[in-house]
Amino acid sequence: QVQLVESGGGLVQAGGSLRLSCAASGNIFRINTMSWYRQAPGNQRELVATITTGGTTNYADSLKGRFTISRDNAKNTVDLQMNSLKPDDTAVYYCNADIWTVIRFRNYWGQGTQVTVSS
């Protein structure tokens, strides 16, 4: 069974920084693209950033320059460094990954971690 577990969320003042981490565990053969999404109250879940196995990254246009996604393929982890945080960044942040196990290829979600930015 595969699990994605996020950590690092919390309360921060506007202008501050947070680093989110996500660890994948279980019977993993290979992980393809890993991503971070977020969902604010009353809003749809939106893509924050993606990173391929080779390290190619893609960001939501509005977040370029403030957020940085990275991964450690050996540890099956993906991080999201968030700088210059704004109250509008308040949301639940979800880790997402395309994972091959021995028997299947599937997309997985973490349980989410709350990020709250105070003004």
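Start in this predicted model by selecting Glu6 and Cys95: a polar atom of the Glu6 side chain lies 2.8 Å from the backbone nitrogen of Cys95.

Now keep Glu6 selected and show its strand, β1, which covers residues 3-7. Is Glu6 buried or exposed? Glu6 is buried, and it has no salt bridge. To check this, select Arg45, the nearest side chain of opposite charge, and read off the distance of 7.7 Å. A salt bridge would need a side-chain nitrogen of Lys or Arg within 4 Å of a carboxyl oxygen of Asp or Glu.

Then display the residues that Glu6 touches, leaving aside those up to four places away in sequence. Among them are Ser21, Trp36, Tyr93, Tyr94 and Thr113. Cys22 and Cys95 also belong to this set.

Select those two cysteines next. A disulfide is a covalent bond between the sulfur atoms of two cysteines. Here a disulfide joins Cys22 to Cys95, with an S to S distance of 2.1 Å. Which parts of the chain does the pair tie together? Cys22 sits in strand β3 (residues 18-25) and Cys95 in strand β9 (residues 91-101), so the link connects parts that are 73 residues apart in sequence. Both Cys22 and Cys95 are buried.

Turn the view to look along the S-S bond of Cys22 and Cys95. The torsion about this bond is about -80°, so the disulfide is left-handed. How many disulfides does a search of the whole structure find? The search finds 1.

Definitions and conventions. Residues numbered from 1 in each chain as written. Predicted model: local features only at pLDDT ≥ 70, side-chain atom pairs only at ≥ 80, totals over all residues. Heavy atoms only, no water. Disulfide = S-S within 2.5 Å. Helix = DSSP H or I, 4+ residues; strand = E, 2+ residues; numbered from the N terminus. Buried < 20%, exposed > 50% of the residue type's maximum accessible area, 1.4 Å probe, protein only. Lys, Arg positive; Asp, Glu negative; His and termini not counted. Polar contact = N/O pair within 3.5 Å; in protein donor to acceptor, adjacent residues only side chain to side chain. Contact = heavy atoms within 4.5 Å.
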